[in-house]
Amino acid sequence: MKITSILTLAAALCAVSVNAAELLPKPTPAPSKAVLSHPQTTAVHHHPTVATAINDKKTTKKSTKKPTKGKPTPTPTKVPPKLDACGLLAKQAQVSGSSLSYDAVKGCFEAQTFKPDVADKVLTSLENVLGNFYVFLDQAKAGPNASAGSPLLTPTVDVMQELNKIRQKKDWKSDYEFQMALSYLTSSLNDGHLAYQSDCYRTVTFQQPLSLYAPVVNGAQSVRVFFVDTSITQKGLPKNPSSLNDCNVLTIDGQPALQAIQKFTDRSSAISKDPGVRLNDALASTSWYTEWSSSPGGFASRWEVPDKASMDYTIQCDGDANVQSITVPWTIKPSDMFESDSFKNAKTYWEVQCSVSGSFADSAKKNLHNKRQDSSSDGAVWQAPRRGDSRRILDGGASTVAPATAIFHRRGEITEPKAGPSDSSRGGSTTSSTISHAKLVHTSSTTAFYMLLGANVSNTCVAVIASEDAADFNIDSSDYTDLIKGFQILQDQGCVKLIFDMTNNGGGSVDFAYFVNQLFFPDAKPYFVEDLRDNSLVQAASKQAIKYPKAHSMFDARIYNSMATGRPYKDASMFLKGVNQKRGGSTVTFTQKNYFPYSWPFLPLAKGKALKFTPQNMAIITNGFCGSACTMIASRFAIVHNVKTYAIGGITQRPLSYFSFPGGFVSENAGIVADLASIHLKNASKTAPIALPIMGTTSLPVGELYALENSTMPLEYDSQYFAAAVHLDQDPVSARHPDQVWLKIARDFANTSTKKTTK
């Protein structure tokens, strides 16, 4: 579908949701529920108003009655100023452990008036950085190419046109409404590397104690309660909250539950162009990241202000004819961006939490402070992508990750999740151990290594790769050497068949991904070729960067290898001799195809230590959230080496992607501004990126990968490659115990062989 205006963006996104929802259960009318009132939002300190004080004063002046002798004249009571919503928010935050009120948060955000001068600078910053560097700017107008069996469903978006529509609109009710329009616009592209985020309105988090999931039971998919986290709140819950575990959620705020969740995640997730992966992102999931834990999902833990202060559910438990109706308030807590004791009203909230100039200029005068640094700091330094795909060293050492990955990790974990309900008749497990059918034999910083238990699967092992977030091996090689050690331990213990579990893997270092590829396939190329957007600004920067012995700039062609020659560039020809490509109905110029150099002192492995796993004895399992550098492993294994792929969850009876947002490498507006400054580019065009005037970040992919060297469509939009060979439905046991999925795959090794060929 074509989006022609930002005013129709919400409708377009809903259309995507409806398309996906056509496969979901039909709507069921739900009883309406009144919204619970919150003591925090209604409690008022009753002080005399200013008007009353003035009237009292006037009355006193008019009085001619002399004071009674011997009685002192009473001292007028000083009336404290009335708190506005931001003042109330600041006062509530001073109480340790307390929940903030919905009215205070919403009121404070909406009290930030729309500022045309700030909006103009924000829009100019976005137009300049996206117009020059967003590598999918033109392809986004057309969307993914058509391919039978593709799981992708995403709106087409003309980004520059939509930014212009936002610019033309003058009647924004508040700065919050304006900023959210920009966030929703970048989200609509469903690119996990792309996001515009205003820190001003990410100062709190909203949580529900009910984390949900969508298993398939007896052939039907439904929303169920995954876990009730009473550490969040017990308000609105039954006396025995755990009795809700694995009960069916029929409606949410009056809508069929599955459709309500899909509608929300289609608008907000942005993790994938596949609605099934977006659904997974909204729901609870279990994965390893230094230890096993469960994420509540984006539906139960979010940063945007919900439509109302509470959420209404109708719930029915298996074997019970009664339908429960409960109303559960949102628990609102300060995020790590909240500046405690540093603002007292709407004006100072803007100065401290929002404005770059205000927060620093006024702090000296008003004793305000701000621990966070401007994301457009002059000290930002761009780092060559060889050592970090979704990681950049910016702002004096702070690192950035792909926005979708950062959001996932900020949701945190469910507190003390149980493996399943105590009543096993509801499909849950009665054991509290997450993994009981496999033995842990080794861990590294990125990976856990397991041997499956059981007579028929004893030669099958699992590598749970949680991330490619590895250090530069020139500084610390342990992330690389520990990984080698883990695979050698598996092989030494008799493992022949290897499963890679890459669930909830949001990427990391390009170099580490290439390393894994080379480790298993030493005779094949470990890299993907890529190109970057090319234009007059990029070419001018490349001419300037090449003048320095070591520019440390993404515009320095010497940090790239030519696909044509296999050798590093010695001049700026990669940028200056661009290649025209068809994108979104237009002819667009890109750089020559290239890749990042690679070499590791640990490879090749010594004789007798080489890994002997073969593609037909390998398999990959994900929930679709395998993004960025994770994609560079999973899709390389599958596309080039025919390793079988599995994806779990999503929408039943619909193909599901096993990877998302392959992009290329991600950068930020701040990093690009700093990069251009570091090479002293003078007389840059008027469209050169500029710093944001507010606390915020614009992240974007600046390189695009290709599945194969002769591909003409970037992998991000090449829909033929996304669908997993096998789509597994989630069930109440596998949702909590990933080893149940491993056992299914292990049995497949014995029953099937990989027949998929390279496309």
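I began with helix H8, which gives the lining of the second largest cavity its largest share, 4 residues. Helices here are DSSP runs (H or I, at least four residues) and strands are too (E, at least two), numbered from the N terminus. A cavity is a set of points on a 1 Å grid over the protein atoms alone where a 1.4 Å probe fits but cannot get out; lining residues have an atom within 4 Å of a point.

I noted the basis next. This is a predicted model, where local features need pLDDT of at least 70, side-chain atom pairs count only at pLDDT 80 or more, and totals for chains, interfaces and linings use all residues. Residues are numbered from 1 along each chain as its sequence is written, and side-chain values use heavy atoms, without hydrogens and water.

The second largest cavity has a volume of about 160 Å³. Of its 20 lining residues, Ser187, Ala195, Ser268, Ala270 and Ile407 are the closest to its centre. H8 (175–187), strand E1 (195–198), helix H9 (257–268) and helix H14 (403–410) each supply at least two lining residues.

I then turned to the largest cavity, which holds about 280 Å³. Its lining has 21 residues, and the closest to the centre are Ser285, Asn623, Ile648, Gln730 and Ala735. Strand E9 (285–288) and helix H21 (739–751) each supply at least two of the lining residues.

Last, I checked Phe500. Leaving aside neighbours within four places in sequence, I found Phe500 in contact (heavy atoms within 4.5 Å) with residues including Phe487, Phe520, Met618 and Phe637.

Note on methods: On a 1 Å grid over the protein atoms alone, a cavity is a set of points where a 1.4 Å probe fits but cannot get out, and a pocket is an open set with protein on both sides within 12 Å along at least five of seven lines; lining residues have an atom within 4 Å of a point. Grid points are joined across faces, edges and corners, and a volume is the space filled by probe spheres set on the points.
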